[in-house]
Structures are given as C-alpha cells and as structure tokens.
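Look over the sequence and the fold before reading on. The paragraphs below take the overall layout, then one pair of side chains.

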Amino acid sequence: MGEIVVVYEVDKGADTRGPRGEEWLVRRVHAAPAAPGSPGTTGPRTLCGKDTFAMETTRWKPSERPETPWYPVEYATAICSDCDAVMET
C-alpha cells in the first residue's frame, strides 16, 4: 500500500475548533490513499469508499510514526472500523 492520508469526517459549526481555528467536531476518522503523484494530498475516496471531498485532511502522517496507530490517538473512539480493518491487513 502507498502513502496513507488521515482525514476527518466533521460536523462544521460545532463547539470544537480545528487546527486552523475553524469550528468543527470530528465525527469519524478515516484513512485514504494519497493522490497519485501528490504525496500528502488525499485521493478521492477513503479506504472504506467514502468521498473525501467534504472531509478535513489532518497533519497526522502514519508513515512518519510507524510505532503508533495510523490515526491520532486522541480520536481512537472515532476511527472508522472499515478503514481500520483495511489498515490492519
């Protein structure tokens, strides 16, 4: 598998602030393959098949942290079980 980009499925306008100061609440954390020829840029679909268009790309890079899970640990309760299953293979 190539590079993986972590993306958040969010509720915008919630009481939680994102990394750039925008307001949103993370509903689900997904993994998506990087776009061909553009490392760090998400492809069009997550590993579970959801469209990444409305999702927020994180700064978390699983390839830089091989000793940790693919997702940020503070969102462990929000990971997509389908994406997680693909990442375990």
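What follows moves from the whole chain to a single contact between charged groups.

This is a predicted model, where local features need pLDDT of at least 70, side-chain atom pairs count only at pLDDT 80 or more, and totals for chains, interfaces and linings use all residues. Residues are numbered from 1 along each chain as its sequence is written, and side-chain values use heavy atoms, with hydrogens and water left out.

Start with the elements. The protein has 1 helix and 4 strands. Read from the N terminus, the order is β-β-β-β-α. Helices (H or I, at least four residues) and strands (E, at least two) are DSSP runs, numbered from the N terminus.

Now the packing. The protein has 89 residues, and 38% of them count as buried. Buried means under 20% relative accessible area; exposed means over 50%; partly exposed lies in between (1.4 Å probe, protein chains only). The accessible surface is about 5400 Å², and carbon and sulfur atoms hold 50% of it. These areas come from the Shrake-Rupley method with a 1.4 Å probe. Take the contacts (heavy atoms within 4.5 Å) with a separation of 6 or more: 49% of them join residues 24 or more positions apart.

Which residue forms a salt bridge with Arg27? Asp11 does, with the closest N and O atoms 3.8 Å apart. Asp11 sits in strand β1 (residues 4-17) and Arg27 in strand β2 (residues 23-35), so the pair links distant parts of the chain, 16 residues apart. A salt bridge here is a side-chain nitrogen of Lys or Arg within 4 Å of a carboxyl oxygen of Asp or Glu. By this rule the count is 1. Asp11 is partly exposed at 32% relative accessibility. Arg27 is also partly exposed, at 45%.
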